[in-house]
Amino acid sequence: IYDISGNFLYPDIRVTQLLKRNGWHKGLIRFQNAIALTDAMRWLLSVPVAEMLVKTGQDDLFLNMVRRGERQLPFLHSVRIANRNGYVVEDAQMWLDMLQMADELGKDTHNPKVVCPTDLRAAHDALLAPVARLREKRNRAQQRLSAKDWEERYQTAKAPYFGICFGNDNVEISVIRSVADIAEEGEKMHHCVFTNGYYKRDDSLILSARDKDGNRLETIEFSLRTFKVVQSRAKFNATTEHHDEIVSLVNRNAGLFQQIS
């Protein structure tokens, strides 16, 4: 039921000369609640990187390797730079995460200023926001690429509605004519009309409300089942002073859509 192998050792222990040569020291006993020390011994005897980590004082990186059952260490070049600069990694996983984000952002992981921060947590947290923005940008690009497969289907399904346009002295409303235009609408308005795949919904039609100068006001989701406005969103999912006017305009012109459907 319980695997207790290697977790309980008498404090006064002796190990082979080979294990001592490969870096074993009594300080590693403190990890016995986190890893099986027999695993630690096996790593020292069979994984050269593990031996190097222990001999250079990078015990937490060694612990992280054994705990994860990994025999390779990412950013090994950064470890060597840390060793040359006398930098001891106190929180291995946070340090590796920081290097991963730095590398993703194109920062030089051979640079001691990147590899050896005086405040690891601050350096780690400073990268969170820019990495999130980069990943979001990549995700949007990937979504745009996959959305191309939907373009023909969108055109076929929604083309009958493309000529519909109406408005008043303040607002002009028209059907968005392509998936690419929906992507641009979502990007400019900072909402999820594109990322949540509204163009894939058979019973929804996406319209754009703009002022007389062509500035975007709100993006409208119109139901082809109920022929009512489902939602109308301005930038950042807010509403504008024209919100009620926009919703009323669309609902009053619902007959234009019903004639086609």
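The following paragraphs lead through the sheet of this predicted model and then through its aromatic contacts. Local features are given where pLDDT is at least 70, side-chain atom pairs count only at pLDDT 80 or more, and totals for chains, interfaces and linings use all residues. Residues are numbered from 1 along each chain as its sequence is written, and side-chain values use heavy atoms, with hydrogens and water left out.

Five strands form an open sheet in the order β1-β2-β3-β4-β5, with antiparallel pairing; strands (E, at least two residues) and helices (H or I, at least four) are DSSP runs numbered from the N terminus, and two strands pair if DSSP finds at least two bridges between them. At the edges stand β1 (165-167) and β5, each of which pairs on one side only. Neighbouring strands are turned against each other by 20° on average, direction ignored, where axes are lines fitted to C-alpha atoms, for helices over the stretch in contact, and angles run from 0 to 180 degrees between N-to-C directions.

Strands β4 (residues 216-223) and β5 (residues 229-233) run antiparallel and are joined by four bridges. Helix α9 lies across β3, β4 and β5, running at about 130° to β4, with contact meaning heavy atoms within 4.5 Å.

F227 also belongs to an aromatic cluster, together with Y161, F166, F222 and F257. Rings of Phe, Tyr and Trp (its six-membered ring) pair if their centres lie within 6.5 Å, and planes under 30 degrees apart count as stacked, over 60 as edge-to-face and the rest as tilted. The whole structure holds seven aromatic pairs. W150 and Y199 form an edge-to-face pair, 6.2 Å centre to centre with 70° between the planes. This pair links distant parts of the chain, with W150 in helix α8 (residues 120-158) and Y199 in the loop between α9 (179-189) and β3 (204-210), 49 residues apart. Y199 counts as buried because its relative accessibility is 6%, and buried means under 20% relative accessible area, exposed over 50%, partly exposed in between (1.4 Å probe, protein chains only).

W150 has a further neighbour in R153, which lies over its face at 3.7 Å from the ring centre. The charged end of R71 sits over the ring of W43, 4.5 Å from its centre; a charge sits over a ring if NZ of Lys or CZ of Arg is within 6 Å of the ring centre and within 35 degrees of the ring normal.
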